[in-house]
Amino acid sequence: MSRRLLMVLAAVGLMGAGKAPSLAPGDVRPMGNVAVSAETYSGRAALRVEDLGAPNGQFEKLVRLPGLEFGDGEIELWVAGSPAGGAVAGARGFVGVAFRLSEDGTTGEAFYIRPTNGRAEDQERRNHAVQYISAPDWPWERTRRETPSRYEAYADMEPGRWTRMRVVVSGDKARLFLDEATQPVLIVNDLKGGAARKGGVALWIGPGTTARFADVRVHP
């Protein structure tokens with residue numbers, strides 16, 4: 001299947017059933033200082049992932065999913081993130097998904113959202129609701145400093161509310177769709193890891209976050 005056709009099929013939701021990796025706490029692999037547990041949250045069977053503190057690097061709070069090798073294709077999942085109790089004022093409920101992840105978690109790509117920014121009474125914060133990063137060389141601080149606005153965008157969201165994320169990847173290009181939108185909220189035409197990188201898929205959280213994940217499906 002050509003990469004162009006893959007992107008078209010994924011954009012209109014015709015990728016097929018795909019794989020549904022287990023989210024059972026005993027099947028996933030926490031990487032970093034996080035705790036995982038099963039719970040039912042707002043009507044969905046979910047994996048709860050909670051930040052337990054430092055270290056707080058860009059790829060240091062991951063939960064690797066079993067049995068996945070991902071290069072091109074589509075990842076869809078439901079996420080709900082909110083600041084944990086006692087989190088610092090800068091916590092945003094950071095929650096997302098990492099892909100093309102190396103075995104040790106030191107290299108890979110990720111999209112994530114900042115749920116508390118979605119309806120903030122500050123336009124600049126709203127403009128930073130959605131984010132792309134790439135490990136190890138492109139954390140959000142560098143992308144914002146060197147290429148302002150290119151790898152961030154606005155989207156409506158709320159902390160603690162289920163949000164559907166859909167990531168479509170082809171070569172060095174990726175698109176992020178939220179909820180039922182037919183157009184991407186963020187377009188990346190130059191994935192920093194290049195076109196050929198492959199690797200695992202992991203649930204991603206940031207500092208001071210309590211997150212839930214549900215209904216993950218991967219279409220390689």
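Glutamate 69 touches Lys198 and Gly199, leaving out residues up to four places away in sequence; contact here means heavy atoms within 4.5 Å. Glutamate 69 sits in the loop between strand 4 and strand 5 (73–83). Helices (H or I, at least four residues) and strands (E, at least two) are DSSP runs, numbered from the N terminus. At 57% relative accessibility, glutamate 69 counts as exposed. The cut-offs are these: buried is under 20% relative accessible area, exposed is over 50%, and partly exposed is in between, with a 1.4 Å probe and protein chains only. From glutamate 69 to arginine 145 is 76 residues in sequence and 32 Å in space, C-alpha to C-alpha.

Before going further, a word on where this comes from. This is a predicted model, so local features need pLDDT of at least 70 and side-chain atom pairs count only at pLDDT 80 or more, while totals for chains, interfaces and linings use all residues. Residues are numbered from 1 along each chain as its sequence is written, and side-chain values use heavy atoms, with hydrogens and water left out.

**The overall fold**

The protein has three helices and 14 strands. Its radius of gyration is 16 Å, close to the 17 Å that the globule rule gives for 220 residues, so the protein is as compact as a globular protein of that length. That radius is taken over C-alpha atoms, and the rule is 2.2 Å times the number of residues to the power 0.38. Along its principal axes, the C-alpha trace spans about 50 × 40 × 30 Å.

Buried residues make up 51% of the 220 residues. Of the contacts with a separation of 6 or more, 69% are accounted for by residues 24 or more positions apart. The accessible surface comes to about 9,400 Å², and 50% of it belongs to carbon and sulfur atoms; areas come from the Shrake-Rupley method with a 1.4 Å probe, and for residues only the protein chains shown count as cover.

**What's inside**

Which residues have the most contacts inside the largest nonpolar core? They are Ile75, Leu77, Phe111, Val130, Leu203 and Phe213, in a core of 40 residues. Strand 14 (residues 209–219) gives the largest share of this core, four residues. Apart from it lies another core, of 12 residues, with Phe94, Ala98, Leu101 and Tyr112 among them. A nonpolar core, in this sense, is a set of buried Ala, Val, Leu, Ile, Met, Phe, Trp, Tyr and Cys residues joined through side-chain atoms within 4.5 Å.

Not counting residues up to four places away in sequence, its contacts include Val97, Thr163, Leu203, Phe213 and Asp215.

Threonine 209 lies in strand 14 and is buried, with a relative accessible area of 0%. Leaving aside neighbours within four places in sequence, threonine 209 is in contact with Val49, Glu50, Asp51, Ser82, Ala84, Gly93 and Phe94. Phenylalanine 70, by C-alpha, is 26 Å from threonine 209 in space and 139 residues from it in sequence.

Valine 28 is found in the loop between helix 1 (3–11) and strand 1 (29–32). Is valine 28 buried or exposed? Valine 28 is buried, with a relative accessible area of 8%. Valine 28 and valine 63 are 35 residues apart in sequence and 6.4 Å apart in space, C-alpha to C-alpha.

Most residues other than glycine have a negative phi, and most peptide bonds are trans. Here are the exceptions to look at.

| Site | Backbone feature |
|---|---|
| Alanine 54 and proline 55 | cis peptide bond, omega about 5° |
| Alanine 135 and proline 136 | cis peptide bond, omega about 10° |
| Aspartate 179 | positive phi, about 50° |
| Aspartate 215 | positive phi, about 50° |

Proline 55 is in the loop between strand 3 (44–51) and strand 4 (61–64). Proline 136 is in the loop between strand 8 (130–135) and helix 3 (140–146). Aspartate 179 is in the loop between strand 11 (173–178) and strand 12 (186–188), and is partly exposed, with a relative accessible area of 24%. Aspartate 215 is in strand 14 and counts as partly exposed at 45% relative accessibility.
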